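Hi there,

Here is the structure I promised to pass on.

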Amino acid sequence: MSVDVPRSIVLVRHAKADWPEVADHERPLADRGRKDAPVVGEWLASHGIAPGLTLCSTAVRTRETWKLAVHHLPQRPKTVYEERLYEASPGEIIAVLNDVSEEVQDLLVVGHNPGIQGVAEALTGDAEGDTLERMTRNGFPTSTVAVLRFDGSWKSLEPGVATLTDYWEPHEPPE
């Protein structure tokens, strides 16, 4: 596959987590998270998002989010549970993305804030419509999705090379 092919990165922040007395990595989804995660999957499917690969943090809340969302996609992508995504900085997330096989054209990442929001902001060099304005104004609440597109190889992915084409959150505040 040519390295200058158009690629997409779909960044998903896990759904709302509960705060029981367990280690952070083991926190499960809250009731609202269990309701929102399937809505994420419905949104992905309705927007024709069909990743060839999903990288998901190993934390319980990200795994549960993906498990509830993926059932709504027309085809289940290969999923890799990636330890490096847990508590990852934007730079660490970009390093994980740089390791993706060049055969993958469309990638979905399920992770945590502040890393997911930070990588969305770092990679965005251009934006369609009001997507960047909304992301900047609203931040990256739980269950939020950002879709970025770029041309090039995964190894060439660096800050500012992508276009933010979509930004969605299930509980977006009214204008």
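T124 sits in strand 5 (residues 124-127); strands here are DSSP runs of E with at least two residues, helices are runs of H or I with at least four residues, and both are numbered from the N terminus. T124 counts as buried because its relative accessibility is 13%, where buried means under 20% relative accessible area, exposed over 50% and partly exposed in between, with a 1.4 Å probe and protein chains only. Leaving out residues up to four places away in sequence, T124 touches L132, M135, L148, G160, A162 and L164, a contact being heavy atoms within 4.5 Å.

Before you read on, please note that this is a predicted model, in which local features need pLDDT of at least 70 and side-chain atom pairs count only at pLDDT 80 or more, while totals for chains, interfaces and linings use all residues. Residues are numbered from 1 along each chain as its sequence is written, and side-chain values use heavy atoms, with hydrogens and water left out.

Seven strands form an open sheet in the order 3-2-4-1-6-7-5, with mixed pairing; two strands pair if DSSP finds at least two bridges between them. Strand 3 (78-82) and strand 5 are at the edges with a single partner strand each, so one side of each has no neighbour in the sheet. On average, and ignoring direction, neighbouring strands are turned by 25 degrees against each other; axes are lines fitted to C-alpha atoms, for helices over the stretch in contact, and angles run from 0 to 180 degrees between N-to-C directions.

- Strand 2 (residues 53-57) and strand 3 are parallel, with five bridges; L53 has K78 as its bridge partner in strand 3.
- Strand 1 and strand 6 run antiparallel and are joined by seven bridges; L11 has A146 as its bridge partner in strand 6.
- Strand 6 and strand 7 are antiparallel over five bridges, and R149 stands opposite T163 in strand 7.

Strand 6 is largely enclosed by the rest of the structure, because five of its seven residues are buried.

What lies against the sheet? Helix 4 packs on it, touching strand 1 (6-13), strand 4 (106-111), strand 5, strand 6 (145-151) and strand 7 (162-168), and its direction makes about 150 degrees with that of strand 1. Helix 5 (residues 131-138) lies across strand 5 and strand 7, at about 60 degrees to strand 7.

Helix 4 (residues 115-123) also meets helix 3 (residues 90-98): their axes come within 8 Å and cross at roughly 75 degrees. That makes helix 3 roughly perpendicular to helix 4, a label for angles of 65 to 115 degrees. Helix 3 contributes P90, I93, I94 and L97, and helix 4 contributes G115, I116, G118, V119 and L123.

Finally, helix 2 (residues 60-70) holds T62, which counts as buried at 0% relative accessibility. The T62 side chain reaches the backbone oxygen of S57 at 2.8 Å and the backbone oxygen of A59 at 2.8 Å. Beyond its neighbours within four places in sequence, T62 is in contact with H14, C56, S57, V110, G111 and H112. E64 is in helix 2 too, but counts as partly exposed at 28% relative accessibility. Not counting residues up to four places away in sequence, E64 touches P28 and L29.

Best wishes

Terms used
Angles under 35 degrees count as roughly parallel, over 145 as roughly antiparallel, 65 to 115 as roughly perpendicular and the rest as oblique. A polar contact is a pair of N or O atoms within 3.5 Å; within protein, one must be able to donate a hydrogen and the other to accept it, and residues adjacent in sequence count only if both atoms are side-chain atoms.
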